[in-house]
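Open the structure in your viewer and keep the selection panel at hand. The stops below say what to select and what is found there.

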Amino acid sequence: MAATIIEGPAEITIAGVADLHAQLREAIAEGERCTLDLGAVRRLDASGVQLLLAAARCRVALYRPSEAVRASLEQLGALAQLEPAFEEEAA
Amino acid sequence: MSDDIIAQLRTVFFEEAFEGLGVMEAALMDLDTAPDDPDILNSIFRAAHSIKGGAGSFGFENISRFTHGMETLLDEMREGRRSVEPALVDILLRSTDQLRALVEAASEGGEVDAEATRALTEELERILAAEGPPPSEGPSEPSAAEPASSGHLVRFVPHLDLMNTGNDPVLIFRELGELGELSVELDASRLPALESLDPEQLFLQWTLRLEGEADLDSVKEVFDWVESDCDLEFAPLGGPEPVGTEAEEQAPAPVAAEVAEPGPAPPPSAPSPVVEASPPKAPTSKAPTAPVAATAVNPPAKAGGPPPSIRVGIDKVDALMDIVGELVITQSMLCQIEKEFDMSRLEKLSDGLGELTRNTRELQESVMRLRMVPVSFLFSRFPRLVRDVRSSLGKEVELEMLGEATEVDKTVSEQLTDPLVHLVRNALDHGLETPEGRREAGKDEVGMLRLSARHEGGSVIIDVEDDGRGLNPDKILAKARERGMVGADERPSDERIFDFIFAPGFSTAAEVTSLSGRGVGLDVVCRNIRSLGGTIEIKSTLGKGTCFSIRLPLTLSILDAQLVRLVEQVFIIPLLSIVESVQVRPELVSTVAGGREIYRLRDQYIPIIRASEMLGVKRPESSSEPRLLVVVEAAGGRAGVLVDELLDQQQVVIKSLESNFKPVPGISGATILGDGKVAFIIDVAGFVRLAAQRVAGLNEALEERLHD
């Protein structure tokens with residue numbers, strides 16, 4: 001099965017969240033399995049958390065979330081919901 | 001911190017405090033029409049809150065103490081625990097005045113009526129004590145009330161656009177987590193599918209449990225910045241959970257009130273506070289305007305205070321930077337030409353100089369724009385004035401304000417305040433009738449008062465217009481005759497008759513009942529406006545209304561000038577005051593008693609002023625008589641100034657003689673011409689006044705002759 005890997009930017013915040021959203025939508029629209037690489041993310045704000053939540057519901061895999069990602073998710077009480085979507089190894 | 005920085009910060013605090021006071025006043029006025037609008041209450045509260053905070057940090061304890069009472073009352077009002085009543089608005093308005101006095105005293109030195117402050121503080125306290133919630137549950141002493149609280153339950157429902165205001169729940173929760181043990185429960189049930197998600201809007205909601213000793217105030221403080229962008233509910237941990245998921249409570253609600261009476265919630269509010277976010281006003285608006293933050297100025301400082309400062313919109317500064325940039329380019333271009341100059345480059349040089357001229361003009365315009373403030377600053381006080389007068393006179397008035405975005409020079413704006421207040425009071429007091437009177441006259445019971453401002457040519461025109469009873473020319477004329485200002489058989493035009501009410505002391509007498517008092521102080525208004533280089537006109541129709549029309553120069557520092565030659569010297573006559581110029585025909589000159597000359601200009605006699613003699617310019621025997629008469633108009637009269645030659649017209653920058661040298665009669669200022677010479681500006685009003693006495697009575701005689 002073909003897979004798309006989307007590189008998560010250094011910051012997933014309100015300033016750039018729309019771009020990432022567009023990329024994700026496009027990948028999902030093509031019906032491919034999609035992985036979002038969160039290894040390089042240094043900052044994640046509430047809009048980013050929200051996008052990850054929405055993405056996870058569309059079966060987007062969240063690959064190797066960084067410390068910053070985990071911290072923000074935890075802060076907003078979203079970690080438990082998202083942990084099933086985490087992937088530590090590339091698909 | 002160095003003293004310098006502290007002094008700067010204090011200046012900023014005072015500016016912001018005055019601005020905040022303006023916001024409070026305007027918003028309090030708005031409460032009259034929309035008592036339930038939580039945005040208005042919030043903006044008043046925030047203004048009071050930041051004044052209190054700032055005053056506290058700069059050590060103005062009296063200010064912060066005084067503001068505390070207002071803040072508490074406002075807090076109760078915005079939380080819906082106290083209804084917005086006119087009486088409360090009144091006391092808040094009076095407190096705002098007192099607060100302004102306190103801030104002014106702090107910024108400029110001076111005394112405040114301590115008795116008044118104390119009385120108001122007590123009154124506020126009485127109100128707070130009377131119907132307010134028991135103090136043990138009030139937000140003013142929460143730390144005393146709940147020191148042993150085991151924690152707080154917070155329901156946090158952000159509005160969709162919370163993120164767009166630069167807020168991030170991640171940071172808020174982190175801060176909250178520092179107050180105690182925080183557990184976060186996320187509710188993502190409202191989150192749409194990825195496909196239809198608007199990623200910049202926030203659909204998440206949270207329930208937060210904070211365990212620990214933190215008091216409610218410090219918990220609320222964490223949400224200070226977002227409280228207008230979200231719905232918040234607070235409850236003690238272990239107590240009943242906040243009711244409902246769709247919380248509509250705008251502001252943090254007190255625990256007791258929330259639990260005891262969940263009652264009707266205030267209506268959901270618009271996403272942003274109206275007053276604070278108000279952009280520069282559209283030209284038309286009926287509502288009182290909030291100060292435009294970008295160009296806000298503080299009120300005129302009294303002598304001795306710190307020099308008045310001006311806050312300028314960043315766009316104006318950017319425009320200035322652009323022009324300076326171009327100026328530098330032009331300058332380096334000219335330098336280049338100068339370095340390797342030969343005649344072949346003459347054309348380039350002239351291009352460069354043309355560029356320089358353009359840059360300079362633009363620079364001048366931009367710098368002048370820095371001094372311009374919208375008239376909304378002038379107008380913003382009037383809703384209050386109208387409200388006060390309305391309640392004290394029992395008149396119904398609707399205030400309409402047009403063209404508030406029109407800009408005027410800051411100095412003009414400041415000096416225009418008193419005259420305008422006077423005119424508005426006059427219109428309310430004497431112009432508009434009582435509701436009964438209006439009904440009898442077949443008019444709408446609600447009177448209309450319209451303030452409007454607009455640019456016309458190089459001037460700003462401000463109209464104060466009412467639809468009241470109007471001026472009665474017959475009564476004014478009778479009064480003028482009585483005072484010997486007009487001959488018994490003379491019947492001047494209505495405009496000229498109306499001008500009489502600007503005469504000092506005119507119409508103070510009781511017999512001019514419909515106008516009583518109308519003349520008092522109008523002479524001062526007129527004088528103030530003339531000192532600004534402006535004019536004032538009256539249009540009035542009996543029974544229909546009156547309109548005072550003020551025309552002012554855009555700026556006081558630049559003058560459109562007509563250069564004239566007197567013998568060998570160049571003088572300047574302000575272009576605005578020139579009516580026409582004529583070649584003197586000797587047969588129209590006549591000499592009256594005392595050797596004074598008058599000129600018959602069509603159907604009018606005008607006095608001739610030999611400017612060279614008045615200004616002490618020696619005329620050599622050999623030189624011919626001046627043959628050019630410049631007819632000028634000022635101070636309500638005309639005169640002809642004899643000059644030798646009309647030279648260029650140009651803009652000149654006025655330099656004050658009074659502050660650089662000493663006042664000189666007949667001269668209103670000086671300027672430096674292109675060739676570096678100093679030229680004096682003729683004081684036209686002074687000239688005309690001097691000459692006016694010479695023709696009194698002659699024109700009537702002429703008129704009679706013309707009629708015969």
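Start in chain B with B:Asp187 and B:Arg155, which form a salt bridge whose closest N and O atoms are 3.9 Å apart. The model is a predicted one, and every stop should be read as such. B:Asp187 belongs to strand S2 (residues 181-187) of chain B and B:Arg155 to strand S1 (residues 151-158) of chain B, so the pair ties together parts that are 32 residues apart in sequence. Now colour the two residues by accessibility. B:Asp187 has a relative accessible area of 22% and is therefore partly exposed, since the buried class ends under 20%. B:Arg155, at 7%, counts as buried.

Next, select B:Glu25, B:Asp97, B:Arg100 and B:Arg384 together. Salt bridges that share partners join these four residues into one network. Over all chains, a search of the whole structure finds 33 salt bridges.

Another of these pairs is in chain A: select A:Arg64 and A:Asp37, whose closest N and O atoms are 2.8 Å apart in a salt bridge. The two residues come from distant parts of the chain, 27 residues apart: A:Arg64 is in the loop between S5 and helix H3 (67-75) of chain A, while A:Asp37 is in strand S3 (residues 33-37) of chain A. Are the two partners buried or exposed? A:Arg64 is partly exposed, at 39% relative accessibility. A:Asp37 is buried, at 4%.

Stay in chain A and move to A:Arg59. This residue is in the loop between helix H2 (46-57) and strand S5 (61-63) of chain A. Check its backbone: A:Arg59 is not a glycine, yet its phi is positive, at about 65°. Most residues other than glycine have a negative phi. The relative accessible area of A:Arg59 is 71%, so the residue counts as exposed.

Look for B:Arg602 in the loop between strand S17 (596-601) and strand S18 (604-610) of chain B. With a relative accessible area of 56%, B:Arg602 is exposed.

Return to salt bridges with B:Arg78 and B:Asp75, where the closest N and O atoms are 2.9 Å apart. Both residues sit in helix H3 (residues 61-78) of chain B; because they are 3 residues apart there, about one helical turn separates them. Both B:Arg78 and B:Asp75 are buried.

Now show the strands of chain B. Strand S7 (residues 397-402) and strand S9 (residues 447-456) run parallel and are joined by 6 bridges. Which residue of S9(B) stands opposite B:Leu399? The residue is B:Leu449. S9(B) also pairs with strand S10 (residues 459-466) of chain B, here in the antiparallel sense and over 8 bridges. To see one position of this pairing, select B:Arg454 and its bridge partner in S10(B), B:Ile461.

Continue to B:Leu477, in helix H17 (residues 473-482) of chain B. The relative accessibility of B:Leu477 is 2%, so this residue is buried.

First select B:Ile314, B:Val317 and B:Met321, which make a nonpolar surface patch of about 310 Å². B:Met321 is part of helix H11 (residues 314-339) of chain B. Its relative accessible area of 54% makes B:Met321 exposed, because the exposed class begins over 50%.

Finish with B:Glu175, B:Glu178, B:Asp217, B:Glu221 and B:Asp224. Together these residues form a patch of negative charge on the surface. Of the five, pick out B:Glu221, which is found in helix H8 (residues 216-222) of chain B. B:Glu221 has 53% relative accessibility and therefore counts as exposed.

Notes: Residues numbered from 1 in each chain as written. Chains lettered and ligands numbered in written order. Predicted model: local features only at pLDDT ≥ 70, side-chain atom pairs only at ≥ 80, totals over all residues. Heavy atoms only, no water. Patch = residues over 30% accessible without salt bridge, like charges linked within 9 Å, V, L, I, M, F, W, Y side chains within 5 Å. Areas by Shrake-Rupley, 256 points an atom, 1.4 Å probe, with all protein chains shown as cover. Salt bridge = Lys/Arg side-chain N within 4 Å of Asp/Glu carboxyl O. Lys, Arg positive; Asp, Glu negative; His and termini not counted. Charge placed at Lys NZ, Arg CZ, Asp CG, Glu CD. Helix = DSSP H or I, 4+ residues; strand = E, 2+ residues; numbered from the N terminus. Buried < 20%, exposed > 50% of the residue type's maximum accessible area, 1.4 Å probe, protein only. Pairing = 2+ DSSP bridges.
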